[in-house]
Structure formats: structure tokens, C-alpha cells
Amino acid sequence: MLRELSYGLAINEATRQMMEADPSVFLLGQGVNSPWYVGNTTTGLKDRFGPERVFDTPISENAVTGAAIGAALAGMRPVVIHPRMDFALLAVEQIVNQAANWRYMFGGHIGVPVVMRAIINRGGEQAAQHSQAFQALYAHIPGLKVVMPATAYDAKGLLIAAIRDEDPVIYIDDRWLYAYSDDVPEELYEVPIGKAALRRSGSDVTVVATSYMTQEALKAAADLAGAGIEIEVIDVRTLKPLDDALIFQSVAKTGRLVVADAAWLTCGFAAEVAARVVCEVFASLKAPILRVALPDTPAPMSASLEKVYYPAAKDIITAVQKLLNR
Amino acid sequence: MQTHLSTQAESTTDIPAEMLRSMYVAMLRIRETEERLADMVAAGEIRCPVHLYIGEEAVAVGVCQALETDDYIFGNHRSHGHYLAKGGDLRAMVAEVLGKETGCSRGRGGSMHIAAPEVGLPGTSAMVGAGLPLAVGAAIACAMQGTAKVAVVFFGDGATEEGGFYESLNLAAFRKAPVIFVCENNLYSSHVHIRDRRPADNLDALAAVHGMPAPRIDGNDILAVYHTTSEAVARARQGHGPTFIECRTYRWRGHVGPNYDIDKGLRSPEELAEWQARCPIQSFETRLLHQGVLTHADVTHLRQCVTDEVAAAIAFARQSPYPDPNTLHDYVFAP
Ligand SMILES: Cc1ncc(C[n+]2csc(CCOP(=O)(O)OP(=O)(O)O)c2C)c(N)n1
Ligand SMILES: [Mg+2]
């Protein structure tokens, strides 16, 4: 049964249903019982499952994440939440050295089925330490899978797939998406990790987007259609492993590519997409690849600077027009 | 829970009247500034996250009174009081909170990232616990440079949960770094009471095992804070190493913003009322009146001066321009 559900509540529902279906799933992290840290994504879960399976933690990102990894080694399927992706930096040692390497380092004998949910929460004049988007950092690490849902449907389906996955998954949700709604099935379903989604067909320019930038790309598409320009929008959904086949197919058709990722430009995810396209389907390209990303500058505080710092639909439109010499 | 507060009922007689007055005024300035900022957040004029210090003023002022201008302090997300107590410019701080170019961080940092390097505050970090190793490093630098300067770090009870807390205490203790760890134990970390985060409320004991003095004091008693810090500073300047001071205190407002977190069921109105009855400013004022250091006329006059000064700072901040969007990429590196 489909019904309209918001992105935030889709995360909540996926967590609840997985905890109902599988007693090894539990939820821990800062703010799981907070009225403000994680929006509505965990509301009601403690009442439903009790403090043994849903617990707020001390401010100890490293130990809490390490404990989640240890619990995963001992047969559990923990979901550990970092209410700001910035705080998870204190847990990077455990995620990178331990979780990511474990399966390989022990010859495939034992894996780490942990999900680390990290929330991007930029804007609102929160400045440099509460606004960062580190998807490229995690996508760089062998042994980690990285997903970034852009719709409520995917928010639920990808979280279910992430919890069922046998390996560590970095699940990055975005506060700017929490109020977006779409049709979400009531039952459990998976959005497969490693599959991108074609969100809109078009023949002029391919726009490959991550997370929130997918919604901005769709706004740009509607605008551009008014001017007779049809863009094809691909929502990456999984940054690693990347579904580049769909991207190559699209670029073969349009010959033009914009990559939109709301994180820093240099060594960012958009650079990886551009590199793969150049390496694999160079001959299809009719124009240089353009990237819409954050400038290589920390997040500013003042709204007057935030306004020009964060990329939006208008930046995608400008890039598309530039590629078409309009 | 407050088992062994070392009740330092030191008399005020060993402190010059002028200094007592200025400590009183310093607390009033913080209180008035924060009350007005709270109003401006409630009115939507301030949009950045603001963590108010109201109720904890005696810690910042008592500690900073024991320091020299060139001693270092490091703060956290809740540092308006630290900044002002150390002598940071009021107008530049208010402008920063409003995101203005005239702000102490030129509108790049906001309430959580204020700096006054000219008076020993290199900046405040919003990452819980981040200030501890920074202060240890500054203290090590002071010693390497052959000065008698010290470094102080203010942090909350929540910060003791980060691994860096233990690493910093150990590093400071074995290096005998001239650093003072000022723990503002206000019983809460965000929405969580300390009883829901630790098996025991024993932060002083955690520090003591690192082999440093770890007095637990009434953080709402400005003279207790001042005397305890003075001893710690003397110790550090003489090369005897760090001290940990646990200041028991309470933030009147909620974790962030002007609300009280009572509506959200996070704490009781009785608990708040109990701590409001122990207002650090009110009790000090009563003491100074009683001892004849202040008259009622002084109190009225000083309060008016502070109100006027804060109003002028707000007017300055309001009239200041926002950062020019063309300067977005300035200050990533040295010019
Ligand atoms: C590394 C890190 N984790 C989590 C947070 C979110 N956070 C900001 S303030 C705070 C509570 C801090 O409590 P405490 O240290 O007691 O200081 P207080 O707010 O009570 O003054 C938390 C959890 C953060 N800013 N940084
Ligand atoms: Mg606290």
C-alpha cells in the first residue's frame, strides 16, 4: 500500500519496521531521544522498543561508534546515529581503520554489518563546524558503502537495504530533505545499494546529482523545460559502489554532463564522476564537464554569505545553459 | 548530590573594594547582554544558534579575575561569558552574533565562534571537548617560550565524555603544563541530565586520578571561584602543573536559544527555581551591600550604566553592514 510520507518519517518507519522484524537491530547515538537533534526520524522509537534497544549516548562519538562496530562483530545489526556529520569526525578512526578494513583484513571470514547514519545539517547560520558534507571522505575508503537518499521512497528503502547489508554502510541523510514527501509503501522493501535512478528523461544535458541536489536538479529541469531545454536527471543514490553504467548510457545520449554535489569541489564526488566519464566514454562528450559544488571554502556564518555559498537550482541552470552556449 | 562542596566562605576583606565592584559589574554585563540577546533570538532578529550562559556568570568572571590579560583562555559553544569576562569587546561580540562584518570574527563565526586574541582568547570551538588539547598546547607553548603565562579552558560536564578529555589531562599532568581545566558542571549536556550519562556525578574524582588537584566548588560563588583559580594559577606559574576545578552551576535557559526546556519535559520548574534562588549575581550583590562595598544607589547606577552600554552595543551591531558576498573566499588562508 502506498501513501504519502515525508522523508523524515520514512527513515523513522524503516527503523521501526526493521527493529520489529529483526531483534538484532538496535539504535544508538547522540540525540535519538532528543526533541531537536534528529528531527522526527526517531520519534516514538524508544517508547515502542524500550531503552535497551533505543538509547541516547554520552558525547563519546569514538567509543559509541566503536561499540556499534563491536556489537556488529558479535552478531547485532546496530544503527549508530551522528546528528551532525561533523561530530562523526571523532569516530573516523573506528569507521576507517576498523569497520572498513575488517572483512578484508581477516580474509573475508567476518564482516561488520553496521549502519552509521550521519546527518547533514547545513544552513541556519551554524557556521563552519556544523555544516559540513563529508561524503567524498567516506567514499574514498575501500570497504565502506555510501548511500545518500534524495526522496522519501529511497530514504526508507535504502535504510532497509543498509541494515540488511553484511558490510558497513554510511547512510547520509539531509535535514533539508526531511519535509519532502512522496509515495512510500507501507511494507518493508529495499532500494538496492549500488543502483542509481533516472529521475527525468531528456536529450540535451545529463545532470548527475547527489542527495538534496537531486531535488534542485528537478527544479532546474522544470525551469529549463520552459525554455525548451530538456535535461536528464540521474539521482546517484549510492556513491559507492557507483552505478556508472547508467551515467555512461545517459552521457552517450546527451553528450553533455553537469555533476551536482553539495560538498567541496576539490577531490569531491563530482570529480570522481567526471573522471569516470572521461576515462570510459570520452568520445561521447560534446563539451567539457561542469561541476556544481561548494567552493573550497569553509561554511560561513552570516546569512549574506550563506546565500552565495550553497549551490541551488539556479547554479545548475547556469551550468546547463553554459554547456549549450545559451 | 552536592556532597563535598568545599565551602570557601572566604571573606571579601582581602580583596580591594574596587575589584569587588568590577567583578560585580562584569557579571551584570554578561547577564544583561545575554538577556537582550535572548530577546533578539525570540524575536527572530538573531538566527544563529545561541547558547546562553545566564546563571553561570560567576564562573567566567571569577576565573578571569585571577588571570592577566596575556594569559590564554579557550572556550566552547557557550562562551559569551568567557569572552566578556576576559575583556573581549562587547560591541564586536554582539555584532558577531548578528552576523555583521564588524563582528569579532567578521560575521564568519557567529555566536559559537568568537575570538578576542588581543586579550588572550584565540577563539572558541563548538566541537565538544575540542578546547582541552588546545589549551594544553598553548600552556606548553607558554612554558617553552619561558613565560609565566597560563592557559585556561572552560568546558562543560558533557565534554568529560570525550576521549580527548582524558588524553588532555594526562598529557598536561605528565608534562606539568601550566593549564587550568575549568569544568562548568551545569548538570546537563544538551537534553540529557548527567545521571543519564554517567554512573556517578564524580567529575572531580576523574581528574584527581591524573595526579592533579581537583577541587569541587560552588560555581555560583564568585569568590570561591576567584580564590580557587588564584591558587591554581599560582601553582601553574610556579611550574607545578595543572589543576582541575569543577564548578557546580546551572544554566537557566535551555540548551540552545531563549527557551527553558521545561515545556519539552527535559527538566522541572522546581529545579530551575531552586537554582534561580541561588543567583550568582544576586547573592554577590547582597553580600557587597551588606559589607558596605556597595550602596543601593550604587547598584541602581551600575545597573543603569550596564543597560546603557549593552543598548549601545546592540545599536552599533544593528547599524553595522553584513559581510559583502564578494568577500566569501577571504580568510581561507593568510593573504
Ligand atoms: C563533538 C561534538 N559532539 C556533539 C556536539 C553537540 N553538542 C553541542 S553542545 C552539547 C552539550 C555539551 O554539554 P556540556 O559540555 O555539558 O556543555 P553545556 O552545553 O552544558 O555548557 C552537545 C552534545 C558537538 N557540538 N560536538
Ligand atoms: Mg553541561
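How many residues of chain A are in contact with residues of chain B? The views below begin with that interface. This is a predicted model, in which local features need pLDDT of at least 70, side-chain atom pairs count only at pLDDT 80 or more, and totals for chains, interfaces and linings use all residues. Residues are numbered from 1 along each chain as its sequence is written, chains are lettered from A and ligands numbered from 1 in the order in which they are written, and side-chain values use heavy atoms, with hydrogens and water left out.

**View 1. The interface of chain A and chain B.** 33 residues of chain A are in contact with 37 residues of chain B (contact means heavy atoms within 4.5 Å). The two chains bury about 2,600 Å² between them, 66% of it on carbon and sulfur atoms; buried area is the accessible area (1.4 Å probe) that two parts lose on being put together, summed over both. Trp36(A), Ile59(A) and Met301(A) supply 25% of the area that chain A buries against chain B, more than any other three residues.

View 2. Side chains of opposite charge can pair when their charged atoms come close. The rule for a salt bridge asks for a side-chain nitrogen of Lys or Arg within 4 Å of a carboxyl oxygen of Asp or Glu. One such bridge is found across the interface of chain A and chain B. In the pair Arg47(B) and Glu125(A), the closest N and O atoms are 3.1 Å apart.

**View 3. Ligand 1 between chains A and B.** Ligand 1 lies between the two chains. It is surrounded by 22 residues, the closest being Glu61(A), His77(B), Arg78(B), Ala126(B) and Gly158(B) (a residue is near a molecule if one of its heavy atoms lies within 4 Å of it). An oxygen atom of ligand 1 is 2.7 Å from a polar side-chain atom of His77(B). A nitrogen atom of ligand 1 lies 2.8 Å from a polar backbone atom of Ala126(B), and a nitrogen atom of ligand 1 is 3.0 Å from a polar backbone atom of Val128(B). On its own, ligand 1 has 580 Å² of accessible area, and the protein covers 98% of this (Shrake-Rupley method with a 1.4 Å probe).

**View 4. A salt bridge within chain A.** Glu230(A) and Arg200(A) meet through their side chains in a salt bridge, 3.5 Å from N to O.

Key: A polar contact is a pair of N or O atoms within 3.5 Å; within protein, one must be able to donate a hydrogen and the other to accept it, and residues adjacent in sequence count only if both atoms are side-chain atoms.
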